[in-house]
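Work through the exercises below with the sequence and the model at hand, and try each task before reading its solution.

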Amino acid sequence: MNPLKKLAGETVIYGVSSILGRLLNWLLVPLYTSLFIPEDYGIVTNLMSYVAILLVVLTYGMETGYFRFASQEKEGDSTFSTGFISLIATSILFLIIIACFLNPLAVFFEIPANKSFIILLALTLGFDATTALPFAKLRKENRAVRYAGLKLINIGVNLGINLFFLLLCPWIYNNYPQIPITIIWNSEFGIGYIFLAIFVSSFINLLLLLPDILKVQLKLDRKLLIKILIYSSPILVVSICGTLNINLDKMIMPELIPESQNPLYQTGIYGANYKLAVIMTLFIQAFRYSFEPFFFSQAKEQNSKQVYADVLKYFVILGLIIFLGVMFYLDIVKILIDSRYHEGLGIVPYVLLANLFFGIFFSLSLWYKLTDNTRFGAYIAIIGVVITIVLNILLVPIFGYMGAAYSVLACFLVITVISYIAGQKYYPVPYDLKGILFYLLLATTIFAISTYFNPENQWLKMAEKTPLLLLFMIVFIQKERLWSSLGRIVGINRKRK
């Protein structure tokens, strides 16, 4: 089977599960922004940023290590068993630490009366870290359908619990006071039900994965674990830094914005509008899930480098179509959040492009993973964190949440360039750099032109921008068709010679 078609097919399956799931979760964004004021949603944004970082720490690059070492085994069961036992042990240790420091943590997050939020999130992290390797095993075995099904169940449960406690219970309480709904529902718990929902859905994921886990005889191979940890430790640094680059702004924004400018309010505005880049995020996520096991399995093929080059080019093109689509139809996309949050729409183009460059950076990362030079990935990622910290400290106090948007784009742009230059030295891949830069320039030019079309009627505005999106797609189709034809002509001439 054509490797590009195989990758595309798996990306679609992973993408469908992610997209359908996130579409359901999109229903929650307008719900949250309509029920909770920006200050409360700012707490959710802030806490979930820490959750994203901690999940990376608790999995410590074990997934990539599993793909690397399991590919050298016939079944990969020894690698899975060793990594899984390690993750269970560190997850238990994490929960013990959280229990010991629960009160100081509640004070730090300014929720001393809501320690249960931290407990729910800590348990969720423990469950998610434990299930990380079983999910990776499904990806390695190309069981994308089962993977997608479990993810959809997870998100369906999450959605159901949110709707039950945030909509149904208050409705019953207000309309049918004779029903003792307060036995299971407390109006004061508020945003806590968001954390309860992800806790329950994460626990159910663990239960559903037990049959896959129990099929493998669990046995710890200490020598193998040391090899995995040595290989994965730089990946851990890369992952932590990458997650920091995406979430650090939301973590430190409350500390950088003066109290007079209501930092939690601005954090809530920023977090809600960041969600509008979810289509790009889903695309990147689906690509990452399928691409990592793909490039490891493809590495021994004779034309692997050309395949990697083609993957990157078409990835960038699709990402740019998403960028233009979201920006041209932002008047529709923005209905996902309450109008109180619309003042932050200016961050959306920067966040979309930042996520696209993050995807490009991930695609380029194959060079240090395949050559076992993962320490270089760590160095580049650390540079990214330094850029993120410095720019946020400089820009956020001046520009507020817009400064954070500028920072995240600058960070991923710089580390992408650095990774490309270093990769061409240690593992040269014939990327179509001129073609990629052409499409980037074309898309940004078209977007710049579109900003001059601003009639008051939003439907007319979108109608005027649609031809520009079609123009980009037509140029792409015609250009690639031309190069394909030229390639065939050159091939024929070479055969004749």
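**Exercise 1.** Describe the secondary structure of the protein chain and state how much of the chain is buried.

*Solution.* Begin with the secondary structure of this predicted model, which comes to 20 helices and zero strands. Next, turn to burial: of the 497 residues in the protein chain, 54% count as buried. Finally, consider the contacts between residues at least 6 apart in sequence, of which 84% join residues at least 24 apart.

**Exercise 2.** Determine how helix α3 is oriented relative to helix α5, and which residues meet there.

*Solution.* First locate the two helices, α3 at residues 38-59 and α5 at residues 77-100, whose axes lie 9 Å apart at an angle of about 135°. Because angles over 145 degrees count as roughly antiparallel and 65 to 115 as roughly perpendicular, this angle makes α3 oblique to α5. Then look at the contact itself, where Leu54, Leu58 and Thr59 of α3 meet Leu87, Thr90 and Phe94 of α5.

**Exercise 3.** Find where the largest nonpolar core lies, and examine the surroundings of Phe315.

*Solution.* Start with the core, which has 156 residues, and in which Phe195, Tyr270, Phe315 and Phe472 have the most contacts. Helix α13 (residues 304-328) supplies the largest share of this core, namely 16 residues. Both domain 1 (1-235) and domain 2 (257-496) give residues to the core, so it lies between them. Last, leaving aside residues up to four places away in sequence, Phe315 touches Phe283, Ile284, Phe287, Leu356, Gly359 and Ile360.

How values were computed:
Residues are numbered from 1 along each chain as its sequence is written. This is a predicted model: local features need pLDDT of at least 70, side-chain atom pairs count only at pLDDT 80 or more; totals for chains, interfaces and linings use all residues. Side-chain values use heavy atoms; hydrogens and water are left out. Axes are lines fitted to C-alpha atoms, for helices over the stretch in contact, and angles run from 0 to 180 degrees between N-to-C directions. Helices (H or I, at least four residues) and strands (E, at least two) are DSSP runs, numbered from the N terminus. Angles under 35 degrees count as roughly parallel, over 145 as roughly antiparallel, 65 to 115 as roughly perpendicular and the rest as oblique. Contact means heavy atoms within 4.5 Å. A nonpolar core is a set of buried Ala, Val, Leu, Ile, Met, Phe, Trp, Tyr and Cys residues joined through side-chain atoms within 4.5 Å. Buried means under 20% relative accessible area, exposed over 50%, partly exposed in between (1.4 Å probe, protein chains only). Domain bounds come from an automatic or database domain assignment.
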